[in-house]
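Hi there,

Here is the structure I promised to pass on.

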Amino acid sequence: MVRISELRDHSEWLATVSDWILAEWPKPERDRSAVEHRMMGHGPHEGLPLALIALEDEAPIGVISLIHHAESEKIGRPYWVDAVYVLPAFRGRRIASELLRAAEAKARQLRLPVLFALTDIRAFYEKQGWAAVVGTTAGATRDVVVSKVFS
Ligand SMILES: CC(C)(COP(=O)(O)OP(=O)(O)OC[C@H]1O[C@@H](n2cnc3c(N)ncnc32)[C@H](O)[C@@H]1OP(=O)(O)O)[C@@H](O)C(=O)NCCC(=O)NCCS
């Protein structure tokens with residue numbers, strides 16, 4: 001059975017989960033401690049960053065993280081889904097959908113008015129009621145900003 005928990009309650013898995021993110025989205029300046037800080041550090045918004053993990057048989061199989069992105073606050077987009085990732089062997093079982101639903105519930109609890117995500121798979125988000133933000137399709141890539149409004 002899959003259950004969703006806060007990563008802060010399972011810090012024994014922080015390195016494992018950070019390594020998934022590093023391997024999926026490598027960047028020269030990014031190391032494990034930078035990823036850990038982005039997922040679990042302290043920010044100006046109480047409760048963020050926040051990471052949720054999906055656990056099966058007490059081992060993590062997926063993660064989603066929410067962040068406050070100060071630079072994007074200037075353009076009215078402060079709160080973001082920073083990463084959603086499911087281990088390849090567990091894909092296609094709606095684990096990511098469950099993680100997104102749980103992240104949305106946390107966003108509501110934290111009274112975040114809206115969440116944004118930059119994604120190349122908008123269909124995944126649209127299936128959960130998110131919408132593409134008009135005019136944000138990045139030129140050379142298929143990435144698009146999607147959002148969901150809570151209030
Ligand atoms: C994307 C990812 C998180 C999906 O995880 P998952 O647990 O297999 O997703 P779900 O089973 O919850 O999928 C829910 C729906 O989204 C769709 N979907 C999932 N991945 C998709 C993809 N890559 N492209 C288009 N649609 C996708 C599914 O087909 C499913 O649709 P359905 O309801 O019509 O069957 C997983 O493939 C992954 O970790 N990929 C690598 C990292 C990544 O790309 N993250 C997202 C970047 S923004």
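How many bridges join strand S5 to strand S7, and do the two run parallel or antiparallel? Before the answer, please keep in mind that this is a predicted model. Strand S5 (residues 114-119) and strand S7 (residues 144-149) are joined by 6 bridges and run antiparallel. Within this part of the model, Phe116 stands opposite Ser147 in S7.

Both strands belong to an open sheet of 7 strands with mixed pairing, in the order S1-S2-S3-S4-S5-S7-S6. At its edges are strand S1 (2-6) and strand S6 (131-132), each of which pairs on one side only. Helix H4 packs on the sheet, touching S1, S2 (50-56), S3 (59-68), S4, S5 and S7. The direction of H4 makes about 40° with that of S3.

The largest nonpolar core has 35 residues, and Val63, Ile64, Leu66, Val81, Val84, Leu99 and Ala103 have the most contacts inside it. H1 (14-24), H2 (32-40), S2, S3, S4, H4 and S5 each supply at least two residues of this core, and S4 gives the most, with 7 residues. The residues that Leu66 touches include Leu48, Leu50, Tyr79, Val81, Ala103 and Ala107, leaving aside those up to four places away in sequence.

Of the 16 residues around the ligand, Arg91, Ala96, Ser97, Thr119 and Ile121 come nearest. Strand S4 (79-86), helix H4 (95-109) and helix H5 (122-126) are the elements that give two or more residues to this shell. By class, the shell has 8 nonpolar, 3 polar and 5 charged residues.

Best wishes

Definitions and conventions. Residues numbered from 1 in each chain as written. Predicted model: local features only at pLDDT ≥ 70, side-chain atom pairs only at ≥ 80, totals over all residues. Near = placed C-beta within 6 Å. Helix = DSSP H or I, 4+ residues; strand = E, 2+ residues; numbered from the N terminus. Nonpolar A, V, L, I, M, F, W, Y, C, P; charged D, E, K, R; others polar. Pairing = 2+ DSSP bridges. Contact = placed C-beta atoms within 7 Å. Axes fitted to C-alpha atoms, helices over the stretch in contact; angles between N-to-C directions. Core = buried A, V, L, I, M, F, W, Y, C linked by C-beta atoms within 7 Å. Buried ≥ 20, exposed ≤ 12 C-beta atoms within 10 Å, placed from the backbone.
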